[in-house]
Amino acid sequence: MDRISNLPDDIIGHIGSFFSAKEAAFTALLSKRWLNLYENLFHLSIPAQQSICWTGSQVLLNKYPSLKTITIKGSLHYKDDDHGNVESVCECLEGYSFLSSCSIEVLKITEYKGDIGEMVQIKHMLEKLPSLEILVVHLKPRRDDTKLQITVDLLLLPRYSSECKIWVNHSLTKY
């Protein structure tokens with residue numbers, strides 16, 4: 001056994017909360033000890049880019065019942081085909097049905113530009129996450145004069161739960 005695996009569970013769990021979805025999935029596959037620790041993981045931070053698929057995220061979201069908060073650091077992933085059809089969903093998120101059994105209560109997005117593809121992604125997430133209580137969005141629009149319109153668009157999106165609140169942050173504060 002390696003030195004890290006000898007650390008107490010709470011410390012390993014804290015270390016695991018900094019892993020990307022891909023790293024966490026690989027770690028869980030490689031070590032039975034780490035797999036069991038992820039069952040108690042409450043927060044997951046996912047570094048993301050629009051162009052990188054979320055393969056592995058489905059496994060993580062459904063595998064860890066204690067997961068309550070996800071922070072997406074970066075741009076939301078969506079498929080923008082050659083014809084500009086952002087409604088077409090990437091295979092890694094096909095149908096979004098995996099979200100229906102997810103117990104996420106807080107979803108934080110740190111770099112929301114307000115692109116139509118990002119808006120479609122959030123719409124699907126809000127419609128499928130039954131336990132979602134708070135969506136926190138930090139705006140980083142391409143143009144400052146679009147902040148108000150992006151905020152209004154976000155607040156008007158339909159939600160699975162009428163209890164779900166949307167907080168939009170316009171400041172430069174890091175979350």
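Reader: What order do the strands take in the sheet?
Author: The open sheet has 5 strands in the order S1-S2-S3-S4-S5, with parallel pairing. Strands here are DSSP runs of E with at least two residues, helices are runs of H or I with at least four residues, and both are numbered from the N terminus. Two strands pair if DSSP finds at least two bridges between them.

Reader: Which strands stand at the edges?
Author: S1 and S5 do, and each has a single partner strand, so one side of each is left without a neighbour in the sheet. From one strand to the next, the twist averages 15°. Angles run from 0 to 180 degrees between N-to-C directions, using axes that are lines fitted to C-alpha atoms, for helices over the stretch in contact.

Reader: Before I go on, what kind of model is this?
Author: This is a predicted model, where local features need pLDDT of at least 70 and side-chain atom pairs count only at pLDDT 80 or more, while totals for chains, interfaces and linings use all residues. Residues are numbered from 1 along each chain as its sequence is written, and side-chain values use heavy atoms, with hydrogens and water left out.

Reader: Thanks! How many bridges join S2 to S3?
Author: There are 4 bridges between S2 and S3, which run parallel. Thr 69 stands opposite Val 106 in S3. On to the next pair: S3 and S4 are parallel over 5 bridges, and Lys 108 has Val 136 in S4 as its bridge partner.

Reader: And S4 with S5?
Author: S4 and S5 run parallel and are joined by 5 bridges. Val 137 has Val 168 in S5 as its bridge partner.

Reader: Is S3 enclosed or open to the outside?
Author: S3 is largely enclosed by the rest of the structure, because 6 of its 7 residues are buried. Buried means under 20% relative accessible area, exposed means over 50%, and partly exposed is in between (1.4 Å probe, protein chains only).

Reader: I clicked on Thr 110. Buried or exposed?
Author: Thr 110 sits in strand S3 and is buried, since its relative accessible area is 12%. Leaving aside neighbours within four places in sequence, Thr 110 is in contact with Thr 71, Ile 72, Lys 73, Gly 74, His 138 and Lys 140. Contact means heavy atoms within 4.5 Å.

Reader: Let's switch to helices. Which strands does H5 lie across?
Author: H5 lies across S2, S3, S4 and S5, and runs at about 180° to S3. S3, H5 and S4 make a right-handed β-α-β unit. Right-handed means that, with the strands pointing away from the viewer, the path from the first strand over the helix to the second runs clockwise.

Reader: How many residues does H5 have?
Author: H5 covers residues 116-128, which is 13 residues, and reaches 19 Å from its first C-alpha to its last, close to the 18 Å expected. That expected span is 1.5 Å times one less than the number of residues. The buried residues of H5 include Met 119, Ile 122 and Leu 126. Among the elements covering the buried residues of H5 are strand S4 (134-139) and helix H6 (147-155).

Reader: What does H6 touch on the sheet?
Author: H6 packs on the sheet and touches S3, S4 and S5, with its direction at about 165° to that of S4. One of its residues is Leu 155, which counts as partly exposed because its relative accessibility is 41%.

Reader: How many residues are in the largest nonpolar core?
Author: The largest nonpolar core has 29 residues, and those with the most contacts inside it are Leu 107, Tyr 112, Ile 122, Leu 135 and Leu 154. H5 gives the most to this core, with 4 residues. A nonpolar core is a set of buried Ala, Val, Leu, Ile, Met, Phe, Trp, Tyr and Cys residues joined through side-chain atoms within 4.5 Å.

Reader: Which residues is Leu 135 in contact with?
Author: Setting aside neighbours within four places in sequence, the contacts of Leu 135 include Leu 107, Ile 109, Ile 122, Leu 126 and Trp 167.

Reader: Last one: how many helices and strands in the protein?
Author: The protein has 6 helices and 5 strands. Buried residues make up 46% of its 175 residues.
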